[in-house]
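Subject: Structure for you to look at

Hello,

The sequence and structure are below. Please open them and follow along; my notes come after.

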Amino acid sequence: MAKDNRITLYDLQLRTGATISPFVWATKYAIAHKGFEIDIVPGGFTGIMERTGGRTERLPAIVDDGKWVLDSREIAEYLDATYPDRPRLLGDKDAQVLSRFLENWLWGTVLREWMPNIVKDYRDLSLDVDHEYITKTRTAPGTTLEATQAGREDRLPLIPPKLELLRTTLRETPWLGGDSPNYADYRALSVFLFMASVATTPVLTEDDPLRDWIDRGFDLYGGLGRHPGLHPLFGLKLREGDPEPFSKGPAMGGLAKRNHGPDSTREETERMQSRLRESTPA
Ligand SMILES: N[C@@H](CCC(=O)N[C@@H](CS)C(=O)NCC(=O)O)C(=O)O
């Protein structure tokens, strides 16, 4: 049993004290969800092995009353298995598969595109002792972090439209976990917590519909995601010719609406038929 209701977490920090890693962010939420206090062991990338007594070169890691658990997902599984009487973090196996699908999509589609646009910020905000290591390990051959990030004002406006799948999903539910947040929310939120930690320029527009879920997520557990070192996520300025950042129309079509008989689908059927008439040459 966690001594004094506390769990020790090895953090990966920026100079601001905020967390530089999405995996660590998700783990902070996981521990808080289970109702534990977090004892942070501070530090950055340099010296992980020394800090953890040679146990790992990756973080997060937790220690629960002397028991070490490495790896963010294993930590979530461990917490549920060890403390079944506390709120569950993970859904059933099938829900976990879908949560991983969503996270893989989010990383592959959005985070991967954001990374080159914040990589210099990421290095500059890191602990001084980490600068050289980050420069060495994050610079693509033949370029610099400065050159990689330069010109981001042209690229950042192209990324918000790619988040539509997440917006569509969150139109129908307050949380990915259903009526209350669970680990699926924390994994997805960790991408935005990471971006707020490392991006010195907003990456989403003020009016992005994701704002409601993100704000509620950052506010959880006494404002766990409101670390003073975080930067504003919202406020991306669009210029002439930039794409619409999100879909502004009502949710439509068979995916968005349930069928309760012809009265519920008539309008859609008429719309489809009139579209067809318009596209058919006279
Ligand atoms: N599968 C691990 C991944 C952890 C991981 O890759 N952490 C990164 C930070 S985001 C790390 O510790 N990197 C150390 C380094 O780059 O030296 C988990 O889920 O905990």
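Which residues in α10 do Tyr-29, Ala-32 and His-33 in α1 meet? They meet Gly-217, Phe-218, Leu-220 and Tyr-221, where contact means heavy atoms within 4.5 Å.

Some ground rules. This is a predicted model, in which local features need pLDDT of at least 70 and side-chain atom pairs count only at pLDDT 80 or more, while totals for chains, interfaces and linings use all residues. Residues are numbered from 1 along each chain as its sequence is written, and side-chain values use heavy atoms, with hydrogens and water left out.

Helices are DSSP runs (H or I, at least four residues), numbered from the N terminus. Helix α1 covers residues 22-33, and α10 covers residues 211-223. Their axes (lines fitted to C-alpha atoms over the stretch in contact, with angles from 0 to 180 degrees between N-to-C directions) come within 10 Å and cross at roughly 50°. The two helices are therefore oblique to each other (angles under 35 degrees count as roughly parallel, over 145 as roughly antiparallel, 65 to 115 as roughly perpendicular and the rest as oblique).

Of the 12 residues in α1, 11 are buried, that is, under 20% relative accessible area with a 1.4 Å probe, protein chains only. Among them are Trp-25 and Ala-26.

Just after α1, Gly-35 takes a positive phi of about 85°.

Regards

Terms used. Expected span 1.5 Å × (residues − 1). Buried < 20%, exposed > 50% of the residue type's maximum accessible area, 1.4 Å probe, protein only.
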